[in-house]
Amino acid sequence: MTDGVIPSPNIWRSPDVYEVENLGVDPDGVIEAAMREIRDWTGATVLDIGCGTGFHLPRFAGSGAARVIGVEPHPPLVAAAERRVLGLQGVEVRSGTAQALPVPDASVDVVHARWAYFFGTGCEPGLAEIGRVLRRGGAAFVIDNDATRSTFGAWFRRALPDHDPAAVERFWARQGWQRRSLDIRWEQPDRARFESVVRIEFAPALADQLLESHPGASVDYAANLFWRTT
Ligand SMILES: C[S@@+](CC[C@H](N)C(=O)[O-])C[C@H]1O[C@@H](n2cnc3c(N)ncnc32)[C@H](O)[C@@H]1O
């Protein structure tokens, strides 16, 4: 495995179910709307760090970005992302990590990293790289779970009892980043798909318990949008 790569069992083992998950995350577009308010990407070069199968790449291209670059270290996902963007003008995928971005200095306007690598202490090398590649007038966005709120946040705390959300928030504040709390939801078209995505996010016994106590095909979900501008 490449140095500094953080294993992501959900998307590494089950990319097809992760695609289903992505399709049901934030159906109201709360995350993109909040990002756009801070820094619009119309005509911009967007860098998606830890892009996985490239789910967000065509979305940035289709919503105004002039150029979109996805960076991903896990070879099968690099290949999947490349397949996704084949033939899309101005969109490309590069193999690499957040700690050594395969992108020149001051060449990017908007950085996006969603549920990827930037989880608090330990991601300083990636932050230095963001500082290197962002142009003046640019913005960087990190999207992560807010485990202090929401039904999903409570599930997350049960899965990771040692997770310290206050320490994560202190980390970002010390780095000079700002935070916006967002209320989103997961919404799947049916219970079967909802169960399948819960099962790639949680260990089997916990997933059984969560699903037993939670009917339906959606769950409320608190997210943090961490951001800084240059
Ligand atoms: C949970 S997935 C999220 C994928 C994508 N951002 C999305 O929202 O669909 C996390 C991704 O981060 C990637 N990753 C792990 N370590 C990384 C690193 N050091 N630099 C960049 N990406 C990394 C994983 O391979 C995986 O594709």
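Tutor: Two strands pair if DSSP finds at least two bridges between them. Helices (H or I, at least four residues) and strands (E, at least two) are DSSP runs, numbered from the N terminus. This is a predicted model, where local features need pLDDT of at least 70, side-chain atom pairs count only at pLDDT 80 or more, and totals for chains, interfaces and linings use all residues. Residues are numbered from 1 along each chain as its sequence is written, and side-chain values use heavy atoms, with hydrogens and water left out.

Start with the pair β6 and β7. β7 covers residues 218–229. The two strands run antiparallel and are joined by 10 bridges. Arg-179 stands opposite Phe-226 in β7.

Now the whole sheet. It is open, with seven strands in mixed pairing. The order is β3-β2-β1-β4-β5-β7-β6. β3 (91–95) and β6 (178–187) are the edge strands; each has a single partner, so one side of each lacks a neighbour in the sheet. From one strand to the next, the twist averages 20 degrees.

A helix covers this end. α9, residues 191–201, lies across β6 and β7. Its direction makes an angle of about 135 degrees with β6. Axes here are lines fitted to C-alpha atoms, for helices over the stretch in contact (heavy atoms within 4.5 Å). Angles run from 0 to 180 degrees between N-to-C directions.

A cavity is a set of points on a 1 Å grid over the protein atoms alone where a 1.4 Å probe fits but cannot get out; lining residues have an atom within 4 Å of a point. Grid points are joined across faces, edges and corners, and a volume is the space filled by probe spheres set on the points. Searching the whole structure finds one cavity of 30 Å³ or more. The largest cavity holds about 50 Å³ of space.

Phe-226 is part of its lining. Others there include Asp-144, Asn-145, His-163, Pro-165, Val-168, Glu-169 and Asn-224. β5 (134–145), α8 (165–174) and β7 each supply at least two lining residues. α8 gives the largest share, three residues.

By class, the lining has four nonpolar, three polar and three charged residues. Nonpolar means Ala, Val, Leu, Ile, Met, Phe, Trp, Tyr, Cys and Pro; charged means Asp, Glu, Lys and Arg; the others, Gly among them, count as polar.

Definitions and conventions:
1 Å grid on protein atoms, 1.4 Å probe; cavity = no way out; pocket = protein on both sides within 12 Å on 5 of 7 lines; lining within 4 Å.
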